[in-house]
Amino acid sequence: MSHFDLTKTVLRQGIWHGVLTAQDGTDTPQISVTHEGKEVAEVTLEPEGTEGHWHLSFALPPEAIADGVQTLVITEKTSGALLGLSLIHISEPTRQAEI
């Protein structure tokens, strides 16, 4: 069971941004983001101004920009609790109906 709530705020220029909020306590959590079982580099967690709130961000790894559905898994390292998933879906182009 997670003691945190994660809310995605924006994905811009390949950087995922969200806010992590503690349900109880204010110890800074250790966050892991993985894609296909591999740790995503450069995950940042910075205080958000209000105690118990942090800004979480990470760059989408190039390997996640691929055909099909790619899943990034966001967990709290200490407990292993799942905080959220980020799904990227890239499909074949479709034909536009003739106008």
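This report walks through the fold, the sheet and a few individual residues of the chain.

## About the model

The structure is a predicted model: local features need pLDDT of at least 70, side-chain atom pairs count only at pLDDT 80 or more, and totals for chains, interfaces and linings use all residues. Residues are numbered from 1 along each chain as its sequence is written, and side-chain values use heavy atoms, with hydrogens and water left out.

## Overall fold

Let's begin with the big picture. The chain has 0 helices and 8 strands, where helices (H or I, at least four residues) and strands (E, at least two) are DSSP runs numbered from the N terminus. Along the sequence the pattern reads β-β-β-β-β-β-β-β. The radius of gyration is 16 Å, well over the 13 Å that the globule rule gives for 99 residues, so the chain is more spread out than a compact globule. That radius is taken over C-alpha atoms, and the rule is 2.2 Å times the number of residues to the power 0.38. Along the principal axes, the C-alpha atoms fill a box of roughly 55 × 30 × 25 Å.

Of the 99 residues, 33% count as buried; buried means under 20% relative accessible area, exposed over 50%, and partly exposed in between (1.4 Å probe, protein chains only). Among contacts (heavy atoms within 4.5 Å) between residues at least 6 apart in sequence, 47% join residues at least 24 apart.

## Charges

The chain carries 5 positive and 14 negative side chains, and the centres of the two sets lie 9 Å apart. Here Lys and Arg count as positive and Asp and Glu as negative, while His and the chain ends are not counted. Each charge is placed at NZ of Lys, CZ of Arg, CG of Asp or CD of Glu.

## A four-stranded sheet

Now for the sheet. An open sheet is formed by 4 strands in the order β4-β3-β7-β8, with antiparallel pairing. The strands at the edges are β4 (38-39) and β8, each with a single partner strand, so one side of each is left without a neighbour in the sheet. Two strands pair if DSSP finds at least two bridges between them.

Strand β3 (residues 31-35) is joined to strand β7 (residues 68-76) by 5 bridges, and to β4 by 2 bridges. H35 takes part on both sides: its bridge partner in β7 is L72, and in β4 it stands opposite K38.

## Residues to look at

Two glutamates have a backbone angle to check. E36, in the loop between β3 and β4, has a phi near 50°, a positive value in a residue other than glycine. E36 counts as exposed at 63% relative accessibility. E42 lies in the loop between β4 and β5 (44-47) and has a positive phi of about 60° although it is not a glycine. With 68% relative accessibility, E42 counts as exposed.

T21 sits in strand β2 (residues 15-22) and, at 21% relative accessibility, counts as partly exposed. Leaving aside neighbours within four places in sequence, T21 is in contact with H3, F4, D5, G52 and H53. T21 and H55 are 34 residues apart in sequence and 9.0 Å apart in space, C-alpha to C-alpha.
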